[in-house]
Amino acid sequence: MNVLFYRKTIIAATGLFLCIFLIVHLSANAILIFPEEVARGWYNSYSTTLRESPLIKIVAYLLYLSIVLHALYALLITIRNRKAKPQKYVMDQSSENSTWASKNMGILGTLILIFIIIHLANFWARIKLGIGESVGFDAAGNKDVYEVTYSLFHNIYFVLFYVICAIPLAFHLYHGFKSSFKTLGFYHKKGTAIIAKTSLVYAIIMGVGFGLIPIIVYFK
Ligand code: HEM
């Protein structure tokens, strides 16, 4: 099997898996926009269920592996493209359909990776690994993840950081979602057009959703 094809397939498959994770993650975080009386209990019990379920633990390891493989293989492809610069230049010139997002997937992906590292350091490392400031418990005895989120999103710089990062996320998802189907061999005239539209809708929902939640929590 051709090395480039193998790398692109890994990027596409892990990318689609990450897209599914983001749908679940956004749906769960949408709880935060509800009034505190209900949102705290729902969010904390959901978070506890995820942390304690053996099945979700396996999915979580697959998720971490997907992030690493996706970033690593994308980096390898970018390095390879840079080395073959003249060829890339010709490709870019002739590709009428290439969008700004498609030409800047490397830089968009790097920004998202930086976001993920900062995000995990603030939430995941604190909640799951117990690193940093300790996390309290709610009335039901669940870790008060709601409080962690609420206090972080009451820092305007933190909120701005999330809002700004939602922009590269949306552009990256717009190109990534549709092109992963193509890489995995899905070629169909009507189907491809539907996937392109779905990709746009998906990217807008993810960008607006992840950008809006911190703002709503800030004003709560
Ligand atoms: C409104 C914005 C967001 C909020 C409030 C939020 C909240 C959280 C919380 C509370 C956790 C820890 C869950 C736990 O261990 O119980 C978490 C984990 C995580 N988040 Fe986010 N998140 C947001 C956006 C994002 C975005 C945009 C991405 C990716 C681009 C992302 C990727 C992750 C990943 C990979 C994990 C680790 C998942 C796991 O270990 O199960 N999050 N997030």
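Q: So what geometry does the site of the iron atom of the ligand have?
A: Octahedral, with angles of 88 to 180° among its 6 donor atoms. Six donors get that label if opposite ones are over 155 degrees apart and all others between 65 and 115. Ideal octahedral angles are 90 or 180 degrees. Bear in mind that this is a predicted model, where local features need pLDDT of at least 70 and side-chain atom pairs pLDDT 80 or more, while totals for chains, interfaces and linings use all residues. Numbering starts from 1 along each chain as its sequence is written, and side-chain values use heavy atoms, without hydrogens or water.

Q: Which protein donors does the iron have?
A: H25 and H119, each through NE2, lying 2.0 Å from the iron. Donors here are N, O and S atoms within 2.8 Å of the metal (3.2 Å for Na, K and Ca), and water is not among the atoms, so sites may look incomplete. The pair links distant parts of the chain, with H25 in helix α1 and H119 in helix α6, 94 residues apart.

Q: Which helix gives the largest share of the shell around the ligand?
A: That's α6, with 7 residues. Helices are DSSP runs of H or I, at least four residues, numbered from the N terminus. Others supplying at least two residues include α1 (3–29), α3 (54–83) and α9 (189–218).

Q: How does the shell divide by class?
A: Into 20 nonpolar, 5 polar and 2 charged residues. Nonpolar covers Ala, Val, Leu, Ile, Met, Phe, Trp, Tyr, Cys and Pro; charged is Asp, Glu, Lys and Arg; the others, Gly among them, are polar.

Q: Switching topic: what lines the second largest pocket?
A: Y64, I67, V68, A71, L113, I116, I117 and L120. By class that's 8 nonpolar, no polar and no charged residues, and α3 and α6 each supply at least two of the lining residues.

Q: And overall, how many helices and strands are there?
A: The chain comes to 9 helices and 0 strands. Its C-alpha atoms fill a box of roughly 60 × 35 × 35 Å along the principal axes.

Conventions:
On a 1 Å grid over the protein atoms alone, a cavity is a set of points where a 1.4 Å probe fits but cannot get out, and a pocket is an open set with protein on both sides within 12 Å along at least five of seven lines; lining residues have an atom within 4 Å of a point. Four donors count as tetrahedral if all angles lie between 85 and 135 degrees; four count as square planar and six as octahedral if opposite donors are over 155 degrees apart and all others between 65 and 115; anything else is irregular.
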